[in-house]
Amino acid sequence: PKTDIVFLKVHKSASSTVMNILFRFGEMHNLTFAFPIGGGNQLFYPRHFLAKFVQGFSPRNPQRFNILCHHMRFLQPEVHKVVSSSAFYFSILRNPVKLMESSFAYYKGTSAFSRARSLEEFLSQPYHYYNPTDSDSHYARNLMTFDFGFNPDGEVSAERVQLMLKAIEATFDLLLISEYFDESMVLLKEMLCWDLDSVVSFPLNIRDSSTKSPLSDTIVEKIKDWNRLDWEIYTHFNRTFWERIDRDIGRERMQREVKALRERQGELARTCLQGTGSVAPKHIKDSSLRPLQHGSAKILGYNLKQGLDKETEHMCRRLVTPELQYSSALYKKQFAQKPP
């Protein structure tokens, strides 16, 4: 199994669920994480990543970490300093239309979105609300392009798009697609030589559907235009994703693997969860399992069954622990105060 991994955690793309998978695998195999200094949850995002943002990194003693997966704005030469040169690089993309709708709810407090009453209103005259020089403007336009380290306000010429796609392809071994999450996990498991249980997950950091609204065709087209660079990245890698499945796994085997993954997930849900699935924040009984609430989105969580034996409880708890709580627990473990 591969243990040296860089995951570029793109915002609002099921990336918290992927992070939970990496946290569990790392914890189980005693791997080291490249944590932000002081144990925060972002590597000084939205600045471009620098090796010195990582706790325990020093240029004189360049320690390599196994897993780099916290939010960062990608900059490969700097990433290279903190992980092994043979590390496996991957990321996950989401349809920019859904991504923008999600960002608008989640980052409602940012300067570009706070004054617009609705996404429609924002898109009717985006430059009335959007100022590229605002420090939080990246949440409002070409967010994936930004996370990959490129300029979200760059012109959209065929040549520039090609350069961007080539740069991503040269660095990343795999790009997953969040709309095909189960297929993505099967592909990831294959590439990393992991077993099925290592990629089973429950969806984390998802919002209640009551805050989601259907989008008209006009709005969909406006979102694509406004996020044209993201759209180009997404459509390109959505295509290569399926090409890779056809080449490496085949559709029939993929169907069988996805079925096995879903069955195992169902099994774990019956073992671990009270009720059938996620619940609204106010119904989460154990406050340590309550995810951070953000913007106007209601972020769902889980309740564990009562009376589980110790080992099962531990396994189940790890599956549903929100990102911030899990991250800080692993940070404390990795940098435990050694007695003098």
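Analyst: A helix here is a DSSP run of H or I with at least four residues and a strand is a run of E with at least two, both numbered from the N terminus, while an axis is a line fitted to C-alpha atoms, for helices over the stretch in contact, with angles running from 0 to 180 degrees between N-to-C directions. This is a predicted model, in which local features need pLDDT of at least 70 and side-chain atom pairs count only at pLDDT 80 or more, whereas totals for chains, interfaces and linings use all residues. Residues are numbered from 1 along each chain as its sequence is written, and side-chain values use heavy atoms, with hydrogens and water left out.

User: At roughly what angle do the axes of helix α12 and helix α13 cross?

Analyst: Helix α12 covers residues 251–272 and helix α13 covers residues 310–320. Their axes come within 10 Å of each other, and the crossing angle is roughly 115°.

User: Which residues of α13 make the contact with α12?

Analyst: Contact means heavy atoms within 4.5 Å. On the α12 side the contact is made by L268, T271 and C272. On the α13 side the residues are T312, M315, C316 and L319.

User: Which cysteine is joined to C272 by a disulfide?

Analyst: A disulfide is a pair of cysteine sulfur atoms within 2.5 Å, and a search of the whole structure finds one. Its S to S distance is 2.0 Å, and the partner of C272 is C316.

User: How many residues apart in sequence are the parts that this pair ties together?

Analyst: C272 belongs to helix α12 and C316 to helix α13. The pair therefore ties together parts whose separation in sequence is 44 residues.

User: Is C272 buried or exposed?

Analyst: Buried means under 20% relative accessible area, exposed over 50%, and partly exposed in between, with a 1.4 Å probe and protein chains only. The relative accessibility of C272 is 0%, so C272 counts as buried.
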